[in-house]
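Here's a quick walk through a protein model, from its overall layout down to a few helix faces and contacts. Have the structure open as you read.

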Amino acid sequence: QAKVAYKSEKVFCCQPSRKSEVNSEKKLIFAALVGKTFKNIIRKTLNEFLNPFKKEIEKEVSSLRTSVQHMSDVFDSQKAKFDDILEEIKTVRQENNRLKQKLKLLENHFDELEQRDKANNIVVVGVPKQNDQSTKNIMKNILETMQITCNENDIVESYRLDKKEDGPILVKFRNFDLKKSVLKRVREVRRITVEKCVMQENDRKIYLNDDMTLQKRLLFKKAREIKREKGYKSTFLMGRFFLGKMILTLQ
């Protein structure tokens with residue numbers, strides 16, 4: 001009996017523990033069901049409350065996307081046009097540079113042709129007007145003063161370049177060699193005056209210069225400026241057609 005009582009006591013002691021566990025599980029299941037239901041209720045309530053705002057936000061986002069896409073398309077279109085304009089500007093600049101180079105070549109070629117036409121000419125500056133003498137006779141007197149022999153046909157033509165009484169005289173010689181010898185003699189004589197050449201009491205100096213184009217005159221002017229700055233002795237042109245080669249002589 002004592003053995004049986006032990007078993008009964010054992011059973012009696014274990015039953016309350018099992019029942020407690022079952023109750024706890026039920027409570028947990030119930031809490032989970034309640035929590036899930038509550039969450040569903042909250043979710044449903046929130047969805048009902050937020051759906052209008054969500055749709056409105058989606059609508060605004062869609063509109064914003066459309067606007068951004070439109071702006072992007074417009075930007076791409078404007079960028080393409082701008083790139084085309086830049087390319088056209090580049091082409092125009094290249095064409096402009098090409099035309100400038102071509103114009104420069106044409107100017108140089110024209111200047112060369114003009115200088116060839118002036119190859120046998122000199123310009124006499126500082127001679128006053130003589131009522132009884134032509135410009136050709138005046139030039140002959142100047143050449144005689146410089147001890148240069150000149151025949152009647154050596155001077156093809158001569159005339160004043162403007163209407164001033166003491167305006168410069170253009171003299172065209174028969175050939176380049178005579179013109180060259182005259183300019184060489186000018187550098188040797190150094191000083192030729194009106195009194196010596198035209199028999200007037202006038203100590204003004206007469207200048208015999210090469211007949212040059214505007215381009216050559218500007219180049220020669222720069223050479224003279226360099227001569228003054230550097231203290232060179234003289235400057236003069238060399239070559240039959242004077243294509244820009246100049247000589248600066250040191251002191």
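## Overall layout

The protein has five helices and six strands, counted as DSSP runs (H or I of at least four residues for helices, E of at least two for strands) and numbered from the N terminus. Going along the sequence, the order is α-β-α-β-β-α-α-β-α-β-β. Of its 251 residues, 22% count as buried; that is under 20% relative accessible area, with exposed meaning over 50% and partly exposed in between (1.4 Å probe, protein chains only).

A word on the numbers: this is a predicted model, where local features need pLDDT of at least 70 and side-chain atom pairs count only at pLDDT 80 or more, while totals for chains, interfaces and linings use all residues. Residues are numbered from 1 along each chain as its sequence is written, and side-chain values use heavy atoms, with hydrogens and water left out.

## Helix H1

H1 covers residues 2-117, with Gln115 among them. Gln115 is buried, at a relative accessible area of 0%. Its side chain reaches the backbone nitrogen of Thr213 at 3.1 Å, a polar contact (a pair of N or O atoms within 3.5 Å; within protein, one able to donate a hydrogen and the other to accept it, and sequence neighbours count only if both atoms are side-chain atoms).

Ile57 belongs to a nonpolar surface patch of about 770 Å², together with Phe38, Ile42, Leu46, Phe49, Leu50, Phe53 and Val61. Patch members have over 30% relative accessible area and no salt bridge, and nonpolar side chains (Val, Leu, Ile, Met, Phe, Trp, Tyr) are joined within 5 Å, like charges within 9 Å. A salt bridge puts a side-chain nitrogen of Lys or Arg within 4 Å of a carboxyl oxygen of Asp or Glu. Areas are Shrake-Rupley values with a 1.4 Å probe.

## Helix H3

In H3 (residues 176-189), the buried residues are Phe176, Leu178, Lys179, Val182, Leu183 and Val186. Down the axis they fall within an arc of 165°, so they line one face of the helix; the arc is taken from the axis-to-C-beta directions. Asp177 and Lys180 are exposed on the other side of H3.

## Helix H5

Lys216, Phe220 and Ala223 are buried in H5. These buried residues fall within an arc of 55° seen down the axis, so they line one face of H5. Turned away from that side are the exposed Leu214, Lys222, Arg228 and Glu229.

How values were computed:
The expected span of a helix is 1.5 Å times one less than its number of residues.
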